[in-house]
Amino acid sequence: MFLSPYFQKELQLVSVSALQASEFAKGVAQDFNPIHDVAAKRFCVPGDLLFALVLGQYGLSQKMSFSFEGMVGGGVKLVFPDSVGDSFTIFDDKQKQYLSVERSGASTLCDVQTESFIRSYVAFSGLNFTHVLVPMMRTHGVMINPARPLVIYESMSFDLTTLDFNHIDLSLVEQHLEIDGKRGDVTLKFELHCGDKLIGTGRKTLVLSGLRPLEEDGLNEMVERYEARRVDYLGA
């Protein structure tokens, strides 16, 4: 499985080092959020990696929903039981809850299908900041704190009409931002295709914290820093 370089597993305990998490964020998801840097003060493992590890361990089901309930630090020991039901929760070895999962319908453990799904989804997710969130903030005249650009991954779900595919592509079809004071709730809806055939739909929600009136210079500087991090990584 292509995820092997990004985690360790001992019996039922799965852990991700800060370096592994950072490499997944940058190398697989193309996500250059500084919160995934090894030396970040508020470092956390990408939610997309937790999602990917669940699919790698338990397979891809036609209908799945994921609710993210905590930020996983580097080296935290997560309990991945050998078998789970249609509704389960990922805790750490101290019983702290991080992720709740529900699933139904047919399922597959095919590595080709699972890898294609994961790569397509996390690539889409990695583009969210510059391609989706920044234009959305401009449209609504708001921005997150450029000194602490915190975007919280809240949930995602999808519904596949079939598991008869060996490659999948994802496209954004709808986006919405609801503002409540300093909080912004983002909803992104997407479609899943195999070639020219629509095989499913999905939904992702994010929380923007510390919203303030838009300052174009501040927003531009934040985007430039993000882009510089991408260029530095790819040129390394």
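Predicted model: local features only at pLDDT ≥ 70, side-chain atom pairs only at ≥ 80, totals over all residues.
Okay, let's start with Arg138: at 34% relative accessibility, this residue counts as partly exposed. By that I mean a relative accessible area between the two limits, since buried is under 20% and exposed is over 50%, using a 1.4 Å probe and protein chains only. Residues are numbered from 1 along each chain as its sequence is written, and side-chain values use heavy atoms, with hydrogens and water left out.

So, which residue does Arg138 meet in a salt bridge? The partner is Glu216, at 2.7 Å from N to O. A salt bridge here is a side-chain nitrogen of Lys or Arg within 4 Å of a carboxyl oxygen of Asp or Glu. This one ties together distant parts of the chain, with Arg138 in helix α4 and Glu216 in helix α5, 78 residues apart. Glu216 is partly exposed too, at 35%.

When I say helix or strand, I mean DSSP runs numbered from the N terminus: H or I with at least four residues for helices, E with at least two for strands.

Now look at those two helices together. Two packed helices are described by the angle between their axes and the distance between the axes. Helix α4 covers residues 128-140 and helix α5 covers residues 216-235, and they pack at about 175° with axes 12 Å apart. The axes are lines fitted to C-alpha atoms, for helices over the stretch in contact, and the angles run from 0 to 180 degrees between N-to-C directions. How do α4 and α5 run, then, roughly parallel or roughly antiparallel? They are roughly antiparallel to each other, because angles over 145 degrees get that label, while under 35 is roughly parallel, 65 to 115 roughly perpendicular and the rest oblique.

Who touches whom? From α4 we have Phe129, Thr130, Val134, Met137 and Arg138, and from α5 they meet Glu216, Leu219, Asn220, Met222, Val223 and Tyr226. Contact means heavy atoms within 4.5 Å. The residues of this contact divide into 7 nonpolar, 2 polar and 2 charged. Nonpolar covers Ala, Val, Leu, Ile, Met, Phe, Trp, Tyr, Cys and Pro; charged is Asp, Glu, Lys and Arg; the others, Gly among them, are polar.

Several α4 residues are buried, including Phe129, Val134 and Met137. After α4 comes Gly141, with a positive phi near 70°.

Let's stay on α5 for a moment. Arg230 and Glu227 both sit in α5, 3 residues apart, which is about one turn of the helix. Their side chains meet in a salt bridge at 2.5 Å, N to O. Arg230 is partly exposed at 29%, and so is Glu227 at 32%.

How many salt bridges does the structure hold? There are 9. Among them, Asp93 pairs with Lys94, with the closest N and O atoms 3.8 Å apart. Asp93 is partly exposed at 38%, whereas Lys94 is exposed at 69%. There's also a network of salt bridges linking Lys26, Asp37 and Arg229.

Next, two serines. Ser125 is in helix α3, residues 111-126, and is buried at 11%. Its side chain makes a polar contact of 2.8 Å with the side chain of Asp48. A polar contact is a pair of N or O atoms within 3.5 Å; within protein, one must be able to donate a hydrogen and the other to accept it, and residues adjacent in sequence count only if both atoms are side-chain atoms.

Ser155 is in strand β8, residues 151-160, and is buried at 18%. Its side chain has a polar contact of 2.5 Å with that of Thr205. Leaving out residues up to four places away in sequence, Ser155 touches Lys204 among others, and with that same exclusion Ser125 touches Lys204 as well as Asp48.

Last stop: Arg103, in strand β6, residues 97-108. Is Arg103 buried or exposed? It's buried, at 14%. A polar atom of the Arg103 side chain lies 3.1 Å from the backbone oxygen of Val84.
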